[in-house]
Amino acid sequence: MNCINCGAELEPGALICPYCGTENEAVAKAQHENEIREIHEKIDQLDKTMQEDRVRKVNHSLSRLALIVGALVLLLIVGIFAVTRIQSGVALSRQQKNLEKLEGYYQDGDYDAVVKYMDKYKLKGNTFGKYQKTKDAMEWMDYGLSYVGDEENYFKYVMDYEKSRDGIAYSLEININSLCRSLYQLDQMGEKGYLYGEQAVVEYAKEQVMQAFETHFLVTEEEVEPWIALQGEEDVEGSWYKEQAQMVADRLWQSGRFQESE
């Protein structure tokens, strides 16, 4: 069985689509019909009991009282069912509103707004899986970019603390590791498959981090790819990026970047 809204495959008996939150009308209708059928069966059983009681010459007043009690029970059951349906409808309406708002932000490419909305209303679970993945991707992007900042201030910051190529290489090594870790984690999101259709935000995050690599360190995507792969290795001895950092430091020093930032 598939969701009538998003087309996702549903588990047998699922009342609500775990991906978009749409109610499975077929299951809800079947449950409603079963509950009404059970009510009718109880009424029939009660009527049969009353008839048997009449045969046994049970007092007419007691039979009438039993009928009244049965009617009240029936009304109570129907009332509870109605209240439950109303509450379920309100919850579904609120959930649908949240999904529509988040998807609007996502389609506009306003991924920061998605993160803020998720945090504000503390939304989570498979229903909001796409937007939780969006939040994860943006957090990994921020992790990488937080170590470099804007280009001009970055070089000034490094020069304030490091006055030699070797010193600069040490600082660059830390930054390269952070950027590579960010890109590696974003790649892993793609390797696991985009279960909720979150490919756009992952590609956006990777693009921003790679752009920082290229503008800050004067390296190409082809040069960076093998560096990212080192994040998946467990038996790397010593520093992962000492050689790469020294290469970048030489390249930046020769380009005049650090002299211009002094």
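Analyst: Buried means under 20% relative accessible area, exposed over 50%, and partly exposed in between (1.4 Å probe, protein chains only). The model is predicted: local features need pLDDT of at least 70, and side-chain atom pairs count only at pLDDT 80 or more, while totals for chains, interfaces and linings use all residues. Residues are numbered from 1 along each chain as its sequence is written, and side-chain values use heavy atoms, without hydrogens and water.

User: Why is Asp119 called partly exposed?

Analyst: Its relative accessibility is 40%. That lies between 20% and 50%, so Asp119 is partly exposed.

User: What makes Lys135 and Asp119 a salt bridge?

Analyst: The rule asks for a side-chain nitrogen of Lys or Arg within 4 Å of a carboxyl oxygen of Asp or Glu. Here N to O is 2.4 Å, so the pair qualifies. Lys135 is in helix H4 and Asp119 in helix H3 (residues 111-120), 16 residues apart. Helices here are DSSP runs (H or I, at least four residues), numbered from the N terminus.

User: Is Lys135 buried or exposed?

Analyst: Buried: 17% is under 20%.

User: How do you know that Lys130 bonds to Glu103 as a salt bridge?

Analyst: Their closest N and O atoms are 3.1 Å apart, within 4 Å. Lys130 sits in helix H4 (residues 129-145) and Glu103 in helix H2 (residues 60-107), 27 residues apart. Lys130 is buried at 14%, whereas Glu103 is partly exposed at 22%.

User: Why does the pair Glu223 and Arg251 tie together separate parts of the sequence?

Analyst: Glu223 lies in helix H8 (residues 221-229) and Arg251 in helix H9 (residues 242-255), so the tied parts are 28 residues apart in sequence. The closest N and O atoms of this salt bridge are 3.1 Å apart.

User: How many salt bridges does the rule give?

Analyst: Four.

How values were computed
Helices (H or I, at least four residues) and strands (E, at least two) are DSSP runs, numbered from the N terminus.
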